[in-house]
Structure formats: C-alpha cells, structure tokens
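Visitor: I would like to learn how to read a model such as this one, feature by feature. Could we begin with a single helix and work outwards from there?

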Amino acid sequence: MIRHDFSGLWVYLSASPLLGLTLTLIAYLGAWQLHRRTGGHPLVNPVLIAVLVLVGVLWATDTPYETYFDGAQFVHFLLGPATVALAIPLYGQIQRLRAMAIPLGITLLCGAATAIVVAWGAGAVLGASEASLISLAPKSVTTPIAMAVAEALGGLPSLTAALVIMTGIFGAMVAQGLFRLLGTRDPAVQGFAMGLAAHGIGTARAFQISAETGAFAALAMATNGLLTALLTPWLLPWLSRWFA
Amino acid sequence: MLNAITLLLVFQLAGEVIARGLGIPLPGPVLGMALLFVALILRGGPGKNLQATANGLLGHLSLLFVPAGAGIMLHADRLASEWQALLAALVISTLAALAVSALVLTVILRRRGSGS
C-alpha cells in the first residue's frame, strides 16, 4: 500500500516541472557550497559538479532529459535576460574600453581564429568525423551563437551545446593556472582571454575574481560571439581543404 | 526590480525581432546586449534599479548553464566513439585560445605603454 502510494507520488512528481527545477537548484547550491568551502578553487567548478550530479540522478532514475528540461527550462530561460544584462558591467568599463579598442580588436581576431583553427585541426588529425568537427569549430562562443553557427553549416547543434559547456568549464578551471605560468597579471588581460576562449562560463568565473575581470570577459564573449558567427562559415572551406 | 526585468526582456525582444527581421545570424540576446550598451551610452549609465537587478542575475550566472550542460547525456553514443579526439581537440584549442589572447594583448599593451 505504502509502496503503491510512493510510486503514485513519483509518477505525479516526475511529470511536473517542479521536480526538474528544484533538482537543478539543489544540485547547483550544493556544488556552490563545495566551491566556497574549498576557497573558490577553480578546479571545483560549480557547473561541472551540478551537471555530473544531475546526469547521475537522471540516469539512476531512468528519467529522459526532455522530462527534466520541462522544469529546468525556467532556469535556462534566464540566460537571455542575463546576456542582455551583461551590457551593464560592460558600460562600467567604458573609459578603458575606449582607450584599448585597437589592442582588444587585434587580440580578438587572433584569439577567435586560434580557437576555431586549432579545434578543427586537432580534431581532424585525431580522426573526428566531419559532423563532429563542424559542431566543434564554434565551441568557444556562447551557446546560442555556437548552436546557430553549427546548424547553419551542417553540424549537430545539441552536440555543439555540450561541447560549448565543456569548453567553458575547462577554460574556467585552467585559466588562472595558465596565467600564472605565462606571468599574466593584468585583470583586463585575464578577463578578456577568459571571455574569448570560454564564453559565459569563463565570464561567470571572471566575475568571481573581480568586477573588472568580469567586465572584460563580458566584452570578449560578446565580440567573439559576433566574430565567430562571421568567421566560421568563411574559414570552413579552407579548413576542410587543409585537413582533408 | 520589475521595471528592470521588463527592460531587459524588452531589449532581448528587440534584439530577437531585429535579428530575425533583417536576417542577421546572431542570437537575439546578444544583439539585445549591444542595443542596451548603446542605450546606456546615450543615457549616461544605468539607474540604481537596473544595476541591482543586473548584479543579482549575474551573481549566479553559472547556474544558468546547468540545464544545457546536463544535455550532454543526449550525446552519450557519439561521445563514446569519438571522445578522445573531441576531448583532446577541445583541451588543446581552449588552452591555445587562452594563451594566444593573453600573450597578444599583453605584448600590445606593453609596447603601447613603453611607446607613449
């Protein structure tokens, strides 16, 4: 009888958006606590931990991703307004942006091209399929742009979304270690590199370092989004010829 | 706060409409951010409300990537057969992009600093 009630409750809850939404917040808050308790260590990335926990729970309970997303979409939706809101910290750095426009533009071009060409080249040499390579090429930019680019060029948009998130997590985890190695101390340079290579997750990480780092990351993320959308279709024929 | 959220959504919607209407290959929110940035320049900065709401939204920006991140489970098959190539390409290219942009920007800023 109790067993029957429980399964009835499970059937009810698993069909309602409440469960997916609550689970997302609990997984994230738990991951965030862990992140704080380790003193904000970059390797204890809250997105990575929350995703691993969620995938584990969904797999264990045999819940399809679509059912989960019915609830989680409310969180996902906020990405739109949050992206728009990035204009505000960006505006906070307007004096420095004006002064640094040309250096930032040159850096952007070099960094964006590096991200696309190296991703494609390394993937091709290691034997990834063409559809995977197209899905991989725009992985340094924010999810909606990367997915649109991949779809337009014949890649797999949802694979791109997964690769974009993995890139962001990886970039956020290793950036500070790499900067220490290279002797990069300027917060503007650190932020710009993080936003360029690791989009929103790199930007979220940059905001944890300082508001200035975050603002430059937001700028790099936005401008690299525009540039990669323009650059990838143009580079693609060259890439498939070079690495055929 | 309600004003600020509405404003953000209005700019997102405007970005969406312009992108679709003119066939610009950019997501609406990114265009919306550009429009809001221009509006802030014209108006001379955000009000207190907008500033506070933006801080709230951006304070936990990482949370917003979690639902899309869990979508990786949809690609278990492809990842199982190609994961070494994809992971290696991802790691190498992300490190390369970080290093190239940090070094290029540092070198240009240093030259400029010593030149002026």
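Guide: Let us start with helix α3 of chain A, residues 46-60, which has 15 residues and reaches 21 Å from its first C-alpha to its last, close to the 21 Å expected at 1.5 Å a residue. The expected span of a helix is 1.5 Å times one less than its number of residues, and helices (H or I, at least four residues) and strands (E, at least two) are DSSP runs, numbered from the N terminus. This is a predicted model, in which local features need pLDDT of at least 70 and side-chain atom pairs count only at pLDDT 80 or more, while totals for chains, interfaces and linings use all residues. Residues are numbered from 1 along each chain as its sequence is written, and chains are lettered from A and ligands numbered from 1 in the order in which they are written.

Visitor: Which residues of α3(A) are buried, and what covers them?

Guide: A residue is buried if 20 or more other C-beta atoms lie within 10 Å of its own, exposed if 12 or fewer, and partly exposed in between, with C-beta atoms placed from the backbone. In α3(A) the buried residues are A:Pro46, A:Val47, A:Leu48, A:Ala50, A:Val51 and A:Leu54. Their cover includes α2 (17-37), α11 and α12 (187-209) of chain A, together with α4 (66-70) of chain B.

Visitor: What is found just after α3(A)?

Guide: There A:Asp62 takes a positive phi of about 60 degrees, although A:Asp62 is not a glycine. A:Asp62 is placed in the loop between α3 and α4 (65-77) of chain A, and it counts as exposed because it has 7 C-beta neighbours inside 10 Å. A:His199 also has a positive phi, of about 40 degrees, without being a glycine, but A:His199 lies in helix α12 of chain A and counts as buried, with 31 C-beta neighbours inside 10 Å.

Visitor: Where is A:Phe207 found, and why does A:Phe207 count as buried or exposed?

Guide: A:Phe207 is in helix α12 of chain A, and it counts as buried because 25 C-beta neighbours lie inside 10 Å. Two residues are in contact if their C-beta atoms, placed from the backbone, lie within 7 Å. Not counting residues up to four places away in sequence, A:Phe207 touches A:Gly214, B:Leu58 and B:Leu61.

Visitor: Which residues of the largest nonpolar core touch the most other members?

Guide: A nonpolar core is a set of buried Ala, Val, Leu, Ile, Met, Phe, Trp, Tyr and Cys residues joined through C-beta atoms within 7 Å. The largest one here has 112 residues, of which A:Ala85, A:Ala87, A:Ile165, A:Phe192 and B:Val66 touch the most other members. Leaving aside neighbours within four places in sequence, A:Phe192 is in contact with residues including A:Leu104, A:Phe216, B:Ser101 and B:Leu105.

Visitor: How many residues does each chain bring to the contact?

Guide: Chain A brings 89 residues and chain B brings 64 residues. On the side of chain A that touches chain B, helix α11 (residues 157-182) gives the most, with 16 residues. That side divides into 65 nonpolar, 22 polar and two charged residues, where Ala, Val, Leu, Ile, Met, Phe, Trp, Tyr, Cys and Pro count as nonpolar, Asp, Glu, Lys and Arg as charged, and the others, Gly among them, as polar.

Visitor: What is the radius of gyration of chain A, and what is that of chain B?

Guide: The radius of gyration is taken over C-alpha atoms, and the globule rule is 2.2 Å times the number of residues to the power 0.38. For the 244 residues of chain A, a compact globule would have a radius near 18 Å, and the 20 Å of chain A agrees with this. For 116 residues the rule gives a value near 13 Å, but chain B has 20 Å. Chain A has 13 helices and zero strands, and chain B has five helices and zero strands. Among contacts between residues at least 6 apart in sequence, those joining residues at least 24 apart make up 31% in chain B.

Visitor: Where does UniProt place the feature "transmembrane region" in chain B?

Guide: The unreviewed UniProt entry places this feature at residues 29-45, 57-74 and 86-109 of chain B; UniProt positions are given in the numbering used here, feature names are shortened, and annotations may be inferred rather than shown by experiment. In the model, residues 29-45 of chain B are 88% helix and 0% strand, with end C-alpha atoms 20 Å apart. Residues 86-109 of chain B are 100% helix and 0% strand, and their end C-alpha atoms are 34 Å apart.
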